[in-house]
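Q: I'm new to reading protein models and keep getting lost. Could you walk me through the pockets and the way the helices pack?

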Amino acid sequence: MMKELLKRLENADSKKLNRIINSAMKEFGENDFERASTNNIIEDAQVSKGLLFHYFGSKENLYHYLIYFTITTMSEKILKEIDWDKGDILERIWKIIYMKLKLASEYPFISDFSVQAFLHTPLEEIIEIAPNFNMEDYNSIYTKNIDYSLFKEGLDIEKAVNVVRWSLDRYGEELMRNMKTKEDFHMEKLAQNFYNYLDFFRNCFYKEGSDDKC
C-alpha cells in the first residue's frame, strides 16, 4: 500500500502536499484518529477535499503516510548528517536534537503528532507501515564510535548517557511543541541554552579537561 501511495505522490504539488502534511500533523496531534477531522485538515491546508483524497485515498492512508514520513524523514536526516568520527556523546546528542529542531522548523506539529501516533499505534503496525526502517542502525547513533574514555572512572556510563538523553530529549520535545512557526526557530539562542546543559553534564560525568579530547 505504501509503495503505491508514494508512487502516486511523486507528481503531487510539493507546496500543497507540505500544507496537507502540516495541517494533518496538527489535527492528528490534537486528536486521536477517530476524532481527527479531514474537514479541519483541508480548511487549514487550503485545499479541496477532492485533492486530499486524490493524493491519499482515505483518512487512514493519510495517517499511515504521516507515520511513514515522520520515521523516514527524521531517521534519514540524522543518519546522513551525523559526524561519526566525533566520539563525544554529549555533542552527538546535541547534534541529534538540533536536527530534530531544524526539522520541526519546517514541520511545526511533528512532535505533537509523533507523541499521539506512536502512543496509539501498535509497534507491529508501525513496522508494517515503514518496513525499511532499520531500528538497529538508528539506535547505533548513540553507540557507534563513542569515546567512553571521556567519562570519569568508576561511573556507570550507561546510566549517565541515559540521564543526558532523557533530559535533553525532553527539553527538545518541549521546545518543538512550542515551535509553531519558522520565526520561533532562533538557533543561536537554542544552541546557547543547550550548551549550558552540556557544560553541566560534562562537569558531572566527564574527566577534568576531557573537552580537549573531543
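Q: Which residues lie nearest the centre of the second largest pocket?

A: Rolling a probe the size of a water molecule over the atoms shows where empty space is left. In this predicted model, the second largest pocket has Tyr68, Ile129, Ala130, Pro131 and Asn132 nearest its centre, and its lining counts 20 residues. Its volume is about 400 Å³.

Q: Which helix gives the most to the lining of the second largest pocket?

A: That's α5, with 7 residues. Helices that supply at least two residues of this lining are α1 (2-9), α5 and α8.

Q: And how do the residues of that lining divide into nonpolar, polar and charged?

A: You get 10 nonpolar, 5 polar and 5 charged residues.

Q: Okay, what about the largest pocket: what is its volume?

A: The largest pocket comes out at about 870 Å³. Its lining is made of 28 residues, and Met74, Lys100, Ser114, Phe118 and Tyr138 are the ones nearest the centre.

Q: I keep hearing about helices. How many helices and strands does the protein have?

A: Count the elements and you find 11 helices and 0 strands. Reading from the N terminus, the order is α-α-α-α-α-α-α-α-α-α-α. As for the extent of the protein, the C-alpha trace spans about 60 × 35 × 30 Å along its principal axes.

Q: Now for packing. At what angle do α1 and α5 pack?

A: Picture a line through each helix and compare the directions. For α1 and α5 the angle is about 90 degrees, and the axes are 11 Å apart. That makes α1 roughly perpendicular to α5. The residues that touch are Met2, Leu5, Leu6 and Leu9 from α1, together with Asn61, His64, Tyr65 and Tyr68 from α5. This contact has 6 nonpolar residues, 2 polar ones and no charged ones.

Q: What about α2 and α5: how far apart are their axes?

A: The axes of α2 (residues 14-30) and α5 are 11 Å apart, and the helices pack at about 100 degrees. So α2 and α5 are roughly perpendicular to each other. On the α2 side, look for Leu17, Ile20, Ile21, Ala24, Met25 and Phe28; on the α5 side, they meet Lys59, Leu62, Tyr63, Tyr65, Leu66, Phe69 and Thr70. Sorted by class, the contact of α2 with α5 holds 11 nonpolar, 1 polar and 1 charged residues.

Q: And at what angle do the axes of α5 and α6 cross?

A: The axes of α5 and α6 cross at roughly 135 degrees and come within 10 Å. With that angle, α5 counts as oblique to α6.

Q: Is the crossing of α5 and α6 left-handed or right-handed?

A: Right-handed. To find the contact itself, start with Thr73, Met74, Lys77, Ile78 and Glu81 in α5, which meet Ile96, Met99, Lys100 and Leu103 in α6. The residues of this contact are 5 nonpolar, 1 polar and 3 charged.

Technical notes
Residues are numbered from 1 along each chain as its sequence is written. This is a predicted model: local features need pLDDT of at least 70, side-chain atom pairs count only at pLDDT 80 or more; totals for chains, interfaces and linings use all residues. Side-chain values use heavy atoms; hydrogens and water are left out. On a 1 Å grid over the protein atoms alone, a cavity is a set of points where a 1.4 Å probe fits but cannot get out, and a pocket is an open set with protein on both sides within 12 Å along at least five of seven lines; lining residues have an atom within 4 Å of a point. Grid points are joined across faces, edges and corners, and a volume is the space filled by probe spheres set on the points. Helices (H or I, at least four residues) and strands (E, at least two) are DSSP runs, numbered from the N terminus. Ala, Val, Leu, Ile, Met, Phe, Trp, Tyr, Cys and Pro count as nonpolar, Asp, Glu, Lys and Arg as charged, and the others, Gly among them, as polar. Axes are lines fitted to C-alpha atoms, for helices over the stretch in contact, and angles run from 0 to 180 degrees between N-to-C directions. Angles under 35 degrees count as roughly parallel, over 145 as roughly antiparallel, 65 to 115 as roughly perpendicular and the rest as oblique. A crossing is left-handed if the near helix is turned anticlockwise from the far one by less than a right angle, and right-handed if clockwise. Contact means heavy atoms within 4.5 Å.
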